[in-house]
Amino acid sequence: MTTLRPPNTTPPATPHLRVLVAAGGTAGHLAPALAVADELRAAGHDVAFAASSGRRDAELVGERGYEVDLFAIGGLPRRPGLAQLRAIARAAGAVGSSVRIVRRRRPDVLLAGGGFVSAPVAIAARLLRVPVVTTEADAHLGLANRISGRLSRRLCTAYPLPRLRMRQEVVGRPVEPRFFELGEQGAGSRRAAREQLGIPHDARVLAVVGGSGGATRLNDATHGAWGTDADPRVGGDELWILHVTGRRDHPALAAAGTASERYRLIEYCTDMPQLLAATDLVVSRPGGSVFEFAAMGRAAVLVPSPNVTGNHQVPNARWFVDRGAAALADDATFDADAMRAIVHDLLAEAGDGRRAELEQGMRELARPWAAARVATIVA
């Protein structure tokens, strides 16, 4: 990889703009929006956020030095009932809150980062004649983006989405530059990350990541495979496990504990570039973070969740698997035995060749210019 910015992402000379970014609810929507926001700020534009009133959204945005307006909003339950009616009423109230935010911020353009946060702000922006650009990180257009996409002058997608009547540009998922920087350093960044984490240079390292909320199937399979193992190994080598549990399952897993210091339970990872730099293999849900694995050139086993809108994690995974960049596992049969088997196949010495092929496939699918391209479209 020779450049982080192909020629068509060089921003033209534009006047100073006020940009409002609507994103949040999950790290999968907030992380790419922050990557684009950093590009816009570096180009001299004034960027602020509108996000959900959840504590983590405010923390993530505030840590990066952005002002943020928080409002009450939540996801829409898929089953009809009282909870769904309450969510609809909350969404209607969120449009009023969003109108007040847009009026106060007076943005020149809105970047709608997807997820339930973005739709009411996109509606408010159009009511107040503010142009909208929408980004979609999955291979499926969710409800919020079906709304904001129709209100947008451009829809920027991570994957090609067929049969859309909207103006679409496939850019990949925006990713923080540090993933690419550490990925390009190769063995140097791996050695440094392992030193910082206290992991031997010659160990085999597995990361398990289920997203910010966690994935119970992955958590149970991982803990079932090695939770009581006092000496985790793959082949003849020491196995280190960096298990990012997510907040939901962490209390129960922490209470159960692990039998080896080489198995680390992590509730929420605040430095994913460092964790991936130390890792040989990732087992993960195929959310937007797969593009982070690509940026780092990390082999991955993808386990799509059946409990997501539009079953979108399956096409997310297939896009990487069909291009030789990842292995696929079935959620329905993914247990401790399946976890041990696939990790052995790819992390034992006999699997080094196959893992190297997956790493190369990931590097070829990396999109280092995605954030810059979206920033250019916004500005």
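The protein chain exposes about 16,200 Å², and carbon and sulfur atoms supply 51% of that area; accessible areas come from the Shrake-Rupley method with a 1.4 Å probe, and for residues only the protein chains shown count as cover. This is a predicted model, in which local features need pLDDT of at least 70 and side-chain atom pairs count only at pLDDT 80 or more, while totals for chains, interfaces and linings use all residues. Residues are numbered from 1 along each chain as its sequence is written, and side-chain values use heavy atoms, with hydrogens and water left out.

Of the 379 residues in the protein chain, 55% are buried; buried means under 20% relative accessible area, exposed over 50%, and partly exposed in between, with a 1.4 Å probe and protein chains only. The protein chain holds 15 helices and 14 strands, which are DSSP runs numbered from the N terminus (helices H or I, at least four residues; strands E, at least two).

I turn now to the sheet. Its 7 strands form an open sheet in the order E3-E2-E1-E4-E5-E6-E7, with parallel pairing; two strands pair if DSSP finds at least two bridges between them. Strand E3 (67–71) and strand E7 (168–170) are the edge strands, each pairing on one side only. On average, and with direction ignored, neighbouring strands of this sheet are turned by 20 degrees against each other; axes are lines fitted to C-alpha atoms, for helices over the stretch in contact, and angles run from 0 to 180 degrees between N-to-C directions. Helix H4 packs on the sheet and touches E1, E2, E3, E4 and E5, its direction making about 160 degrees with that of E4; contact means heavy atoms within 4.5 Å.

How many residues of H4 (residues 118–127) are buried? The count is 7 of its 10 residues, including Pro-120 and Val-121. After H4 comes Arg-129, whose phi is positive, near 60 degrees.

Strand E5 (residues 132–136) is largely enclosed by the rest of the structure, because 5 of its 5 residues are buried. Val-132, Thr-134 and Glu-136 are buried on one side of E5, and Val-133 and Thr-135 on the other. Strand E4 (residues 109–112) runs parallel to E5 and is joined to it by 3 bridges, with Leu-111 opposite Val-133. E4, H4 and E5 make a right-handed β-α-β unit; right-handed means that, with the strands pointing away from the viewer, the path from the first strand over the helix to the second runs clockwise. The chain then crosses from E5 through helix H5 (residues 143–150) to E6, in another β-α-β crossover that is right-handed.

My last topic is charge pairing. The whole structure contains 24 salt bridges, each a side-chain nitrogen of Lys or Arg within 4 Å of a carboxyl oxygen of Asp or Glu. Asp-38 forms one with Arg-41, the closest N and O atoms being 3.5 Å apart, and another with Arg-64, at 2.5 Å. Asp-38 lies in helix H1 and Arg-64 in the loop between helix H2 (55–63) and E3, so this pair ties together parts that are 26 residues apart in sequence.

Which residue forms a salt bridge with Asp-352? Arg-204 does, the closest N and O atoms being 2.7 Å apart. Asp-352 lies in helix H14 (residues 352–365) and Arg-204 in strand E8 (residues 204–209), so the pair ties together parts that are 148 residues apart in sequence. Arg-204 is buried, with a relative accessible area of 13%. Salt bridges that share partners join Arg-204, Asp-237, Asp-352, Arg-355 and Glu-359 into one network.
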